[in-house]
Amino acid sequence: MSDVQESDCEDIHCPPGRDYNTFMQETAGIRQLYEAGVPFFTKEQLQDLSRQLKQAETSDKPEILIKGLEGTEETFEVKTGVTRAGSEPGTEWVLKAPAIEYRTFGFLTSYRAYQMDGFSDLSLRVLHYMELRDEVTKELLPRFRYVVDSVDIITNSFTSCIQAWEASESYAQLQKTVESRENFPLITKIVALALGSMQPRSLDNWDHRSEYQHALALTLRDIVGKRQGETSGNVQCYVQDPAYTEVDKSILKTYDITILEDPDAFVEIDGSTIVLTFAPDVPVRQIVADIARPAMMIWNTCEEERWVHNGREQFILETRNSSQCMHT
Ligand SMILES: C[S@@+](CC[C@H](N)C(=O)[O-])C[C@H]1O[C@@H](n2cnc3c(N)ncnc32)[C@H](O)[C@@H]1O
């Protein structure tokens, strides 16, 4: 049981036949692939999925075919807009656009996940998140809505956050680091993932995290562009978060930020990219470790990583601990 965390082995109710020995046998091939250095995510695989997702938007029979690491093939039927009986009287669930589930080595070799769902060799899957709405008016229930819908209010709030950020000590430190560092790599892109919607879900808990994180992306584009002796337009800024609303999109476009659909931002990452991500819901570090070696990654301190094993990801962990979340 050497490479399975103890907390991953608690007994939970699961169908018969999913005992630990069977689990180890069934997942042995996945472990071998990992030890052999086979990437669980590749740009080709993500490009293919992106193409299929776009095709599905206009297809009469929208389906996505995904190939597993050991050759399994699974077809997902896209059911965007389909409704199901709501959990409250007078309501219905509506399926949102398809989302990608990224399944890391840690997940695929998790005994807990195996106990619940059985074995799978798919490092990518497609699923639908759902929203609850009024059956008649089709209006989303309050907990599925944002409390501020005004472009002007969000724009003003974002502008204030940019000003506060640019007056901060952290901003000055970042600027000094970029300007003074020797051998600064050539940067052509900033790719920011999972910075969240700038629209608050509650006024009491409006923490402006998303706005500050977008302000950081803009800052980097500017100071890196200046350092390289170019206008800021020469460093492109890409963002990806399925949570972006029309309000977010319209504001971000005014800052010349390009909004990409999942998984296209991952595909953009290359050796001249700065990657930014904070508290993502997807395993950004594991995906990036497989598909590219960006010039720099910036992220927030992580909780203890349960799934990390000695292997490719160790590179990431070592750099994380060495330089206060700014890695080159
Ligand atoms: C916990 S929130 C963090 C938001 C923000 N960065 C913060 O610090 O408050 C996780 C974010 O990951 C986003 N996310 C989920 N799947 C994603 C994907 N495939 N690509 C980019 N972002 C994604 C979610 O929409 C959500 O905004």
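The largest nonpolar core holds 58 residues, and those touching the most other members are Ile190, Ala192, Ala217, Ile274, Leu276 and Val288; a nonpolar core is here a set of buried Ala, Val, Leu, Ile, Met, Phe, Trp, Tyr and Cys residues joined through C-beta atoms within 7 Å. Helix 8 (residues 209–227) supplies the largest share of this core, six residues, and the core draws at least three residues from each of domain 1 (20–138) and domain 2 (145–299), the domain bounds being those of an automatic or database domain assignment. A residue is called buried if 20 or more other C-beta atoms lie within 10 Å of its own, exposed if 12 or fewer do, and partly exposed in between, with C-beta atoms placed from the backbone. Helices (H or I, at least four residues) and strands (E, at least two) are DSSP runs numbered from the N terminus.

The model is predicted, with local features requiring pLDDT of at least 70 and side-chain atom pairs counted only at pLDDT 80 or more, while totals for chains, interfaces and linings use all residues. Residues are numbered from 1 along each chain as its sequence is written.

Across the protein chain there are twelve helices and eleven strands, and buried residues make up 28% of its 328 residues. Two residues are in contact if their C-beta atoms, placed from the backbone, lie within 7 Å; among contacts between residues at least 6 apart in sequence, 68% join residues at least 24 apart. Isoleucine 274 gives a local view of such contacts: leaving aside neighbours within four places in sequence, its partners are Ile187, Ile190, Leu220, Pro294, Ala295, Met296 and Ile298.

Tyrosine 102, in strand 4 (residues 91–102), is buried because 21 other C-beta atoms lie within 10 Å. Beyond its neighbours within four places in sequence, tyrosine 102 is in contact with Leu124, Val282, Pro283 and Ile287. Ile287 is in turn one of the buried residues of helix 11, a helix (residues 284–291) that is mostly covered, with eight of its eight residues buried. Helix 7 (residues 169–180), by contrast, is hardly covered, since one of its twelve residues is buried.

Some backbone details remain. Most residues other than glycine have a negative phi, and most peptide bonds are trans. The peptide bond from aspartate 262 to proline 263 is cis, with omega near 10°, and proline 263 lies in the loop between strand 8 (257–259) and helix 10 (264–268). Lysine 138 has a positive phi of about 70° although it is not a glycine, and this residue counts as exposed because it has 10 C-beta neighbours inside 10 Å. Alanine 279, in the loop between strand 9 (273–277) and helix 11, has a positive phi of about 50°.
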